[in-house]
Amino acid sequence: MKNICFNFQVHQPFRLKRYRFFDIGNDHYYFDDFQNEEIFKRITRETYIPANQMLLEMIKKSDGAVKVSFAISGTAISQFEIFAPELIDSFVELSKTGCVEFLAQPYAHSLSALGDPIEFRSQVEMHSRKIKMMFGQEPKVFRNTELIYSDEIATEVEEMGFSGIITEGAKHILGWKSPNYLYNSASPKGLPLFLRNQRFSDDILKNFSRYDWREYPLTADKFAGWLGQLPEDEEVVYIDMAYEVFGQAQPATSGIFDFFRALPRFFDEKRLRFATPSEVIRDCKPVGMVSVPFAISWSEEEKNTSTWLGNALQSEAFRKLIDWGERTRLSQDRRLLQDWLYLQSSDHFLYMTTTNKDVRLFSPYENPYDAFNNYMNILSDFHLRVEAQYPSSIENEELNALLLTIKNQGEEIEALKAQLEKKKRGTKK
């Protein structure tokens, strides 16, 4: 029986407001609250709530046969808490069915895996704690931002104790191989590796309502038939897409909800099984090793990271960002640390792309240069705030030593206070 893994990415960044050069040093608030709330509430109304209700109904109707996984970013969860608390209850209810798995990722949906390993590990640990606190699950499988992956990243993820990792089934890394198997990564212990099937993912995400597509209309029986026709030994088909496929990428009027509701019936006929990544790792054996020496992603035809870091604007912005990582992490200022997280979302770099024309359809900026200037103005103000706390004239090593001394002195003072209070109580007796 073939295992069909459906994973849905849920991510919303904190979009930035228009920030002028003359705001630097005067305005320390960077986010467009109106736009963030308007977009999030609209997507919640049109996608998140109805899609969650649909999945819950399908799980109950199928006696638990319908299973999916979610990759929910920390910035999306933060917006659940601010704009739509009812969404938290909805996802908790799905979690309680035992048919939904939550995957780990960098908290801020960041590119930290490509340049700041300390930040990368910190964000993954932060995200796992948040998922456990919100939904009662400790993530076991890792899915990086935009499916960015390399052998080096797999090794880091393996060291963090995850049982599996997910990336794109890029043709240039697979060659003649099929993505429809469980593989081993090139990490020391051979971490189990899932490969996204682009064809089946895009048939739903991009082609479902395209009248000029030669396979239009896509029906549940047709889709299940294609899956059933795959070679018998291809036992894992991993389908990964944005959750906004329901109601946004494909409007409700297209029939996308009805299509998904009908899948269980035809899956039964074709002996296809809904499965979560952890179930596949438990039930299937990897068939071989796939090595990825240079980072890949799920973006465009090249499947590399150029969508986010492919031009001079993006590279400069990313370099400036990570240059201040070590010093920022020394801070105890919660507002500063929160801004640091939100400024790392990959979306800010996506808006600066000069190659991906589709980005213009949803970018809040007129062109990549506006996106770059706005981001760099904000980053300049952010650096001033860090500089005010931890001047760059002091080397990081010296600053670390000073902070450690202050911390030790504080602990010593608290210990002496405790001893003094104890003696006072003894004298009174």
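Two strands are said to pair if DSSP finds at least two bridges between them. The strands themselves, like the helices, are DSSP runs numbered from the N terminus: a helix is a run of H or I with at least four residues, and a strand is a run of E with at least two. Before we start, note that this is a predicted model, in which local features need pLDDT of at least 70 and side-chain atom pairs count only at pLDDT 80 or more, while totals for chains, interfaces and linings use all residues. Residues are numbered from 1 along each chain as its sequence is written, and side-chain values use heavy atoms, with hydrogens and water left out.

Let us begin with strand β7, residues 192–196. Strand β6 (residues 183–184) runs antiparallel to β7, and two bridges join them. Within this pairing, Asn184 has Pro192 of β7 as its bridge partner. Strand β5 (residues 164–168) also pairs with β7, this time in the parallel sense and over four bridges.

How many of the five residues of β7 are buried? Buried means under 20% relative accessible area, exposed means over 50%, and partly exposed lies in between (1.4 Å probe, protein chains only). Five of the five are buried, so β7 is largely enclosed by the rest of the structure. In a regular strand the side chains alternate between the two faces of the sheet. In β7, Pro192, Phe194 and Arg196 are buried on one side, and Leu193 and Leu195 are buried on the other.

β2 pairs with β1 in the parallel sense over four bridges, and Phe8 has Phe70 of β2 as its bridge partner.

Now move on to helix α3, residues 85–96. Its twelve residues reach 17 Å from the first C-alpha to the last, close to the 16 Å expected at 1.5 Å a residue (the expected span is 1.5 Å times one less than the number of residues). Leu87, Ile88, Ser90, Phe91, Leu94 and Ser95 are buried in α3. Seen down the axis, the buried residues of α3 fall within an arc of 165 degrees, so they line one face of the helix; the arc is that of the directions from the helix axis to the C-beta atoms. On the other side of α3, Asp89 and Lys96 are exposed. Among the elements that cover the buried residues of α3 are β1, α1, β2 and α4. Just after α3, Gly98 takes a positive phi of about 80 degrees.

Next come the cysteines. A disulfide is a covalent bond between the sulfur atoms of two cysteines. Here a disulfide is counted when a pair of cysteine sulfur atoms lies within 2.5 Å, and the count comes to zero. For Cys99, the nearest cysteine sulfur, that of Cys5, is 14 Å away. Cys99 is buried, with a relative accessible area of 6%. For Cys284, the nearest cysteine sulfur is also that of Cys5, 8.4 Å away. Cys284 counts as buried too, at 8% relative accessibility.

Key: Contact = heavy atoms within 4.5 Å.
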